[in-house]
Amino acid sequence: MLKPDSPIGQFLSRVYDLLMLSILFLVFSLPVVTLGIASIALYEMVYAVREGRDGIIFKDYFMAFRRNIRKGFGLLAVYAVAVLLCGGIAGALILLKFDVRLSFLIPIAVLGGLVCWVEALAGRYEQKLTVTVRNAYLIGLRNLTLTLLLALLRFGPIALIWLLPEDFLRWYLFGLMFFIPAGSAFGIAALVLRTLRRQYPDQSD
């Protein structure tokens, strides 16, 4: 029999946890206005899974959701500002007659990466969202290459929808819905924690 504490057992347990978190995130973000709350709760739980904390996934996620209602609505405002900035950048590029498709990519990736920093830090630290946004901005620009990588982890799987062959798309959409939300958050959390522990060893925990 497969032992729970074996490497394979631990791996399968983590995959199951991430699957449940992806489903919970999708369900709790369905009203759209709760997307920010669901995102912060997702990151809280991803950190718990990474650190092997005991708990019940559904119960703990629901508690994290309730705990972050105010902060989550603030994060929704951050999303709105990011979208408006993207629109402003696109409009400026059109007026300046640049190739929007190429010129648009880098600033949008930077904005997306900074949003990833905000989500990851909001799910890790109990602090005002304004402080989190400031810290995300400073740390994200200081680690610009990593910021672009976070954007790729977060938005790259979604962009693949337009590149994959139609025969494969159905299975990919299944994975996108049930594994990618928590899976990408898991990867982003790992990179964020490693960076914080390397650059801010006295404050990262």
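Which elements do the buried residues of α9 pack against? I put this to a predicted model.

**Entry 1, helix α9.** I looked up the buried positions in α9 and found L169, Y172, G175 and L176. The buried residues of α9 pack against α8 and against α10, the latter covering 180–199. I then checked the length. Helix α9 runs over residues 166–178, and its 13 residues should span 18 Å at 1.5 Å a residue; the end C-alpha atoms are 19 Å apart, so the two values agree. I also looked for bends and found a kink of about 25 degrees in α9, centred on Y172. Y172 is also one of the buried residues of α9.

I looked up nonpolar side chains on the surface. Y137, L138, L141, L144 and L148 form a nonpolar patch there, with about 440 Å² of accessible area together. The elements giving two or more residues to this patch are α7 (129–142) and α8 (144–159). Helix α7 supplies the largest share, 3 residues. I picked out L141, which lies in α7. L141 has 37% relative accessibility and therefore counts as partly exposed.

I located A38 in helix α2, residues 35–50. Is A38 buried or exposed? A38 has a relative accessible area of 0%, so I logged A38 as buried. Leaving out residues up to four places away in sequence, I listed its contacts: A38 touches F25, F28, S29, Y61 and F65. I also took one distance: A38 and I180 are 142 residues apart along the chain, and their C-alpha atoms are separated by 15 Å.

Methods. Residues are numbered from 1 along each chain as its sequence is written. This is a predicted model: local features need pLDDT of at least 70, side-chain atom pairs count only at pLDDT 80 or more; totals for chains, interfaces and linings use all residues. Side-chain values use heavy atoms; hydrogens and water are left out. Patches are made of residues with over 30% relative accessible area and no salt bridge: like charges are joined within 9 Å, nonpolar side chains (Val, Leu, Ile, Met, Phe, Trp, Tyr) within 5 Å. Accessible areas come from the Shrake-Rupley method with a 1.4 Å probe; for residues, only the protein chains shown count as cover. A salt bridge is a side-chain nitrogen of Lys or Arg within 4 Å of a carboxyl oxygen of Asp or Glu. Helices (H or I, at least four residues) and strands (E, at least two) are DSSP runs, numbered from the N terminus. Buried means under 20% relative accessible area, exposed over 50%, partly exposed in between (1.4 Å probe, protein chains only). The expected span of a helix is 1.5 Å times one less than its number of residues. The bend at a residue is the angle between axes fitted to the seven residues ending there and the seven starting there. Contact means heavy atoms within 4.5 Å.
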